[in-house]
Amino acid sequence: MELIDNAYSIQGVKLVDICEQFGTPVYVYNAEKISSQLQRLQNAFSGQRVKIKYAAKALTNLNILKLLKKQGAGLDVVSIQEAYIGMKAGFLPEEILYTPNCVSFDEIKEAVELGLRINIDNISILEQFGATYHDSVPCCVRVNPHILAGGNLKISTGHIDSKFGISILQLRHLQRVIKTYNIKVTGLHMHTGSDILDSEVFLKGAEVIFDLAREFKDLEFIDFGSGFKVAYREGDVTTNIEELGEKLGNAFGDFCKSYGRDIELWFEPGKFLVSESGFLLVKTNVIKTTPATVFVGVDSGMNHLLRPMMYDAYHDIFNVSNPKGTTRVYSIVGYICETDTFGWDRKLNEVKEGDILAIKNAGAYGFSMTSNYNSRFRPAEVLVINGEAKLIRKRENMEDLLKNQVEIDI
Ligand SMILES: *Cc1c(COP(=O)(O)O)cnc(C)c1O
């Protein structure tokens, strides 16, 4: 995001022009930012045989997937539908790790038939898997190392109350099942949640996994999941990827030596790759002064960006239309008939009705968590690539809203 000639722009394309051309609300993504984030991660771990599996659920637009595929990423999916979308974007089945939670065994069988890599996070499923495939289909096992990551319990998955993964405390049981069914385990996986600041947390998790890994003889990879923290506010401390690359890279190198074989080091970031690339551009419908605050009511809401309401996530907001105006304090709210506040008490350059606001960090879990609540259309999506703004998803229309409704005689 640059401010050129008093206008915010991405790769020289002005945000106001994007709104003019495609209307609001609109999601805009910067392809360069996505590529540079991927490269940063690949560089940080270049000493190892590293593979980055993009967590598709963060943002599933085909063009984003194609971009990441072109730059050498694989894919991590949590549903069979995400796998189909990934394959449509050009990923080979063997480049896709399927990491479901609490899905039916039928869906897992479908994933096996597609040729995806299977990640299992439940002993009961592992038993069914073993009884069905024995050693004919390899699998990866998701373990829960019980390390508390990040400050937000809703996005932590490694703690004792989490539904994710097979507890390391169940190792004996896990081994019994693997031995009894002769299951071929080629990968170990942990994903302790989002917003891990400290590389020490990864290292602690790594130690637990390395200890565990010595019990498995056929490993081809260890997947350390994700959880890289990105900046949400100016001055936010973020995961130091380069430091992590050095420390975890070294630890992994040592592990491989003691294991007797070089295996692959995997990560599956979502947020890190796409969060900062994205902006939700909205238009100010009304300014409403109440005894308590000045509300800025915009043409979007929790139907388009749920994170502030669901996770109390902080998303920076700025006035695209008036970059140099006097700053004043506003509360920015949506147009949905719910309390859908994007931000309380934000300092924005003076806002007038009609002004375009940009909500930052909207690349990850933005569009992918949209809904049609209040019968509103989902926004359009635009990708800025090679200095050009390209429409990558049309705004919905009335037909889209009604297409699955079946009218009966009443
Ligand atoms: C959601 C998810 C990720 C991505 O998490 P981010 O915080 O977006 O990087 C990775 N792995 C699994 C299994 C997930 O469910």
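1. Strands here are DSSP E runs of at least two residues, and helices are H or I runs of at least four, both numbered from the N terminus; two strands pair if DSSP finds at least two bridges between them.

2. A word on ground rules. This is a predicted model, so to read it: local features need pLDDT of at least 70, side-chain atom pairs count only at pLDDT 80 or more, and totals for chains, interfaces and linings use all residues. Residues are numbered from 1 along each chain as its sequence is written, and side-chain values use heavy atoms, with hydrogens and water left out.

3. Two backbone spots to look at. Most residues other than glycine have a negative phi, and most peptide bonds are trans. The Thr24 to Pro25 peptide bond is cis, with omega near -5 degrees; Pro25 is in the loop between helix H1 (15-22) and strand S4 (26-30). Cys102 has a positive phi, near 60 degrees, and sits in the loop between strand S7 (96-98) and helix H5 (105-114).

4. Domain 1 puts 16 residues into the contact (heavy atoms within 4.5 Å) and domain 2 puts in 13.

5. How much area do domain 1 and domain 2 bury between them? About 1200 Å², with 53% of it on carbon and sulfur atoms; buried area is the accessible area (1.4 Å probe) that two parts lose on being put together, summed over both. In domain 1, Tyr311, Tyr314 and Ile392 lose the most area to domain 2, together 37% of what that side buries.

6. What about polar links across the domains? There are 0 salt bridges between domain 1 and domain 2, a salt bridge being a side-chain nitrogen of Lys or Arg within 4 Å of a carboxyl oxygen of Asp or Glu. There are 4 residue pairs in polar contact, both residues at pLDDT 80 or more. A polar contact is a pair of N or O atoms within 3.5 Å; within protein, one must be able to donate a hydrogen and the other to accept it, and residues adjacent in sequence count only if both atoms are side-chain atoms. On the domain 1 side, S20 (380-385) is one of the elements giving two or more residues, and S20 gives the most, with 3 residues.

7. Finally, the whole structure has 12 salt bridges. In one, Glu95 and Lys69 have their closest N and O atoms 3.1 Å apart. Glu95 is in the loop between helix H4 (80-88) and S7, while Lys69 is in helix H3 (residues 62-70), so the pair ties together parts 26 residues apart in sequence.
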